[in-house]
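The following exercises concern the chain shown below. Please work through each task before reading its solution.

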Amino acid sequence: MWDHVQWTEEDKENARQRIEENSCTQIPLKEQGKFDTDACQYWDKFYGRHQDKFFKDRNWLFLEFPELLPPGAKSEVTNRCQSDQQAVLTTGSSTETNKHHRSPDTADLQESCQKAVPEKDDAATQTATFPGQHASFRILEVGCGVGNSVFPIINTIKEKDAFLYCCDFSPRAIQLVKDHPDYDDSVCHAFVHDVCEENTSMPFPPRSLDVILTVFVLSSIHPNRIQGVVNRLSTYLKHGGIFLFRDHGRYDFSQVRFKKGRCLSENFYTRGDGTCVYFFTKEEVHDLFSNAGLEEVQNLEDRRLQVNRREKVAMHRVWMQSKYRKLYPPSFVRTFSKLSD
């Protein structure tokens with residue numbers, strides 16, 4: 001696999017033409033509804049068929065998203081990841097972890113506000129108890145599947161005053177997570193939840209999460225629903241908390257190779273098993289999170305070239321990787337300014 005591949009104009013035009021061809025015939029509107037309303041059933045069948053054998057554990061997570069690590073654990077795990085960096089890169093992670101677009105002022109503001117004027121944690125003021133209430137660092141993974149991100153995280157945050165929530169709308173997937181030998185309810189709470197449902201609540205209060213993680217999840221949701229999902233999830237972030245996103249990018253090989261008759265709408269397709277996928281651009285990702293009131297920290301397009309030597313096929317892969325932070329309210333900014341004077 002080759003990283004940071006620069007596409008030629010010919011590459012772009014070939015991809016554009018093939019996508020134009022495979023999307024010219026769309027599934028009739030009267031047949032499209034089931035792919036949205038029955039999405040849970042399609043994914044439940046997927047996990048019933050493949051169990052936990054389809055995806056590999058995402059051990060590259062901490063290299064790409066060190067924000068998942070609680071305070072005090074970053075140097076230990078980062079050193080371990082860097083020592084094994086070459087092996088990680090060959091399995092498909094991006095090397096652009098340092099290309100953050102976060103301004104120094106924003107970083108200083110977050111650190112100083114946390115030290116000088118800690119935000120009142122809504123979770124600490126709740127009268128009702130909830131899982132992970134006493135942890136000082138809380139993570140939510142949305143669309144956790146069978147735990148390919150969950151267990152690398154669990155095995156890293158143990159004994160670090162951190163807690164992981166993970167949800168999926170597939171009951172079968174959540175049961176597989178709970179049945180895993182590494183599942184530990186002292187540091188993790190797995191639960192069934194459909195983030196597209198507007199009136200369902202989470203097992204924790206608003207403004208109680210430090211990190212939200214979505215890896216190849218938002219693309220499986222109907223494009224008309226994605227903004228609402230991000231808006232609702234963002235209400236659970238603390239001020240200064242971060243939303244981590246990795247997903248399919250426009251013109252990825254997996255989009256180009258779709259056959260005619262699988263397209264639901266522009267850049268949105270259904271696979272043979274009924275599961276769906278959307279392909280994002282950088283501009284769409286930026287608008288998605290900015291419209292939810294979050295500030296861009298990182299928003300990159302990760303382009304790779306994979307070669308199947310046996311089949312003699314070159315595959316141009318495109319993934320989006322982004323980080324967006326929840327801003328502090330003006331009152332915190334004013335306090336920080338006074339303390340800095």
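**Exercise 1.** How do the side chains of Asp 302 and Arg 304 meet?

*Solution.* Note at the outset that the model is a predicted one. Step 1: the side chains of Asp 302 and Arg 304 meet in a salt bridge, at 2.8 Å from N to O. Step 2: Asp 302 is buried, and Arg 304 is buried as well.

**Exercise 2.** Determine which parts of the chain are tied together by the salt bridge between Asp 36 and Arg 225.

*Solution.* Step 1: the side chains of this pair meet at 3.1 Å, N to O. Step 2: Asp 36 belongs to helix α2 (residues 29–37) and Arg 225 to helix α11 (residues 223–234), so the bridge ties together parts that are 189 residues apart in sequence. Step 3: Asp 36 has a relative accessible area of 29% and is therefore partly exposed. Arg 225, at 33%, also counts as partly exposed.

**Exercise 3.** Is Thr 270 buried or exposed?

*Solution.* Step 1: Thr 270 lies in strand β8 (residues 268–270). Step 2: buried means under 20% relative accessible area. Step 3: the value for Thr 270 is 0%, so Thr 270 is buried. Step 4: among the residues that Thr 270 touches are Ile 27, Phe 35 and Phe 258. Step 5: a polar atom of the Thr 270 side chain lies 3.4 Å from the backbone oxygen of Thr 275.

**Exercise 4.** With which side chain does the side chain of Arg 303 make a polar contact?

*Solution.* Step 1: Arg 303 is found in strand β10 (residues 294–308). Step 2: its relative accessible area is 15%, so Arg 303 is buried. Step 3: the partner is the side chain of Glu 301, at 2.9 Å.

Conventions. Residues are numbered from 1 along each chain as its sequence is written. This is a predicted model: local features need pLDDT of at least 70, side-chain atom pairs count only at pLDDT 80 or more; totals for chains, interfaces and linings use all residues. Side-chain values use heavy atoms; hydrogens and water are left out. Helices (H or I, at least four residues) and strands (E, at least two) are DSSP runs, numbered from the N terminus. Buried means under 20% relative accessible area, exposed over 50%, partly exposed in between (1.4 Å probe, protein chains only). A polar contact is a pair of N or O atoms within 3.5 Å; within protein, one must be able to donate a hydrogen and the other to accept it, and residues adjacent in sequence count only if both atoms are side-chain atoms. Contact means heavy atoms within 4.5 Å. A salt bridge is a side-chain nitrogen of Lys or Arg within 4 Å of a carboxyl oxygen of Asp or Glu. Lists of a residue's contacts leave out its neighbours within four places in sequence.
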